[in-house]
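Let us take a walk through this structure together. Keep the sequence and the 3D view open beside you as you read.

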Amino acid sequence: MNKYTVIGFRVDRAGPLALLQDAGRFGVRRLGVTQGGPADLHGWAWANRLVGNAWGTPALEVTFGGLALVAERDLSIAVAGADLAATLNGEPLALWRPVSIKEGQTLAFGTPRNGLRAYLAVAGGFRAEPVLGSVSCVVREGLGGFDGHGGKLAEGDRLAVSPEAGERVGREPAPTPEQPDYTGPATLTLLPGAQVADFTGSSLYAAFNRPWRVDDRADRMGVRLTGPRLGCRIGSLISEGIGLGAVQVPPDGQPIALLNDRQTIGGYPRLGALTPLAASRLAQCLPGQEVRLVATSSERALGDYRNFRRSLEQ
Amino acid sequence: MSQASTSGLPTPRIESAGLDGWLVRLFSTIDEANLAWLGALARRCEAAFGEALVDLVPSYTTLLVVFDPLRLSPEAARRRLADLLADLLANPAPEQEAGAGELHELLTWYDPSVGPDLERVARRTEMSREAVIECHAGQEYRVFALGFAPGFAFMGLLDRRLEVPRLDTPRQRVPVNSVAIAGRQTAAYPAVSPGGWNLLGRTTARLFDRDREGFSLLRVGDRVRFVPVDRATFERHGGDATPMEARPLEAGI
């Protein structure tokens, strides 16, 4: 902590997984360092936007709930993304809107009601020392987070925030269309990749016309989908760089959508890559949820992404 | 796949890698000569994409170019890459552009106490332990890719006599700085991690250091030589001689 930070919260209960995330760690993937960043870019960006923060400001990604924080001072906050039954001193916390909380109040997350990952932003942002250009916390690599070493939160930890964290912000909630219902079947847009023609015809039909189920083998590295077994004429490739949302198909024929903490290179054939917003949507799916893959064009994907970024600026 | 090139010249293809990326496939087989071309292309991308460039991931035969689609549309990025490639192919000497790669000498203590697979590799390859060490340390390797973990460099190509498969069951915990082989590749583990490669010894090098400029000791295109040293030299250079349990397959226990 230095003179540009103050303590915003004390951790009362760490919960299963709460990670500090800025936009991600860029420019170092050629060194084998993963991208990191928020698994649900949309929820993360809105939490920041609601308290007046610029794109890229560090916010807390709370997976599955369980986290409880005690405010160490008056704070302006917003929680967006999943509804994890958050409460403020036992009362339900309003989501997708700025909220003022008082020193001593307890912000507690319960269990998932709608989605999987909630984002907690404070005015001015959480503060931590960047590592390799980012505070994004990647436990596997021991990089980022509040301790700089990818450590998980522990009871008693004190979380640094901007000295402006108590300043009043607007009151406007996020527009209703920006507050997703994550509970139903999800439609995930995908940009077909170079190996798409190497899949058998019936596999391609199945990939884009049959429902897929989110497996419980799902984390920030990737989400496994179960369904019809996909056949590909190529078993493996020479390892190559893999982008966010890449949907790879190992020999067992069950696709894995790769998310923020994926390995930097890999060698399985790919159906293509989810669009950034589809990867975000998938990150809010609980095991057992149904998803469908829909092919799209880069023009449409770019249009959707531009609209999303513009909506944050209004 | 009609890309196989006998001339050693790249036969580039630009493939979709999502909204913010293009994968440039330059070659279809692994070859040291690929590295200069990939390096030259990476440098040109840095210059030509400027602020719109987000990341570059070179690997054995490809370069993934990640850009900001709000600064440069995917179509514009693709056109820019096509121009760079046309220009690159007109250049007969990518080595001069990319450089030959820095040479690193990694002091390595080859010993069963820190290289628990040394004996097994010797048995499998029907060589003496000394011959295995001599063979592994007897050549220069090139770094083809980094991945798996920060600073983990995939190096090759290993002498065919030393070609052994990965362990059937990976170890849960490979000690930091372990020197390992698998297939026709070799590597050194920059941090404690799970791993299925055959461990021959341990190096003194600091492979990944978050507080050092550039962070990773090894980069794609660099050259590496393993230099055998005795235990005293290894420890004098900061090596950690703490022995590893000799049983190779205790994963999951």
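A salt bridge here is a side-chain nitrogen of Lys or Arg within 4 Å of a carboxyl oxygen of Asp or Glu. By that rule, three salt bridges are found across the interface of chain A and chain B. Before we go on, a word on the ground rules. This is a predicted model, in which local features need pLDDT of at least 70, side-chain atom pairs count only at pLDDT 80 or more, and totals for chains, interfaces and linings use all residues. Residues are numbered from 1 along each chain as its sequence is written, chains are lettered from A and ligands numbered from 1 in the order in which they are written, and side-chain values use heavy atoms, with hydrogens and water left out.

Let us stay at the interface for a while. Side chains of opposite charge can pair when their charged atoms come close.

Sorted by class, the side of chain A that touches chain B holds 18 nonpolar, 13 polar and nine charged residues. In this sorting, Ala, Val, Leu, Ile, Met, Phe, Trp, Tyr, Cys and Pro count as nonpolar, Asp, Glu, Lys and Arg as charged, and the others, Gly among them, as polar.

How many residues does each chain bring to the contact? Chain A brings 40 residues and chain B brings 41 residues, where contact means heavy atoms within 4.5 Å. The two chains bury about 3,100 Å² between them, 64% of it on carbon and sulfur atoms. Buried area is the accessible area (1.4 Å probe) that two parts lose on being put together, summed over both. In chain A, the residues that lose the most area to chain B are A:Arg30, A:Leu31 and A:Ile238, together 24% of what that side buries.

Now turn to the inside of chain A. Five strands make an open sheet in the order β2-β3-β10-β5-β8 (chain A), with antiparallel pairing; two strands pair if DSSP finds at least two bridges between them. Its edge strands are β2 (17-21) and β8 (98-101) of chain A, each pairing on one side only. Five bridges link β2(A) to β3 (residues 59-63) of chain A in the antiparallel sense, and A:Leu19 has A:Glu61 in β3(A) as its bridge partner. Helix α1 (residues 41-50) of chain A packs on the sheet, and its direction makes about 155° with that of β5(A). Such angles run from 0 to 180 degrees between N-to-C directions, with axes fitted to C-alpha atoms, for helices over the stretch in contact.

Chain A has a salt bridge of its own to look at, between the side chains of A:Arg113 and A:Asp83 (3.4 Å, N to O). This pair links distant parts of the chain, 30 residues apart: A:Arg113 is in the loop between β9 (106-108) and β10 of chain A, and A:Asp83 is in strand β5 of chain A.

In chain B, seven strands close into a barrel in the order β5-β12-β9-β10-β7-β6-β13 (chain B), with mixed pairing.

Finally, look at the backbone. Most residues other than glycine have a negative phi, and most peptide bonds are trans. A:Asn89 has a positive phi of about 50° although it is not a glycine, and a cis peptide bond joins B:Gly156 and B:Leu157, with omega about -10°.

Conventions. Helix = DSSP H or I, 4+ residues; strand = E, 2+ residues; numbered from the N terminus.
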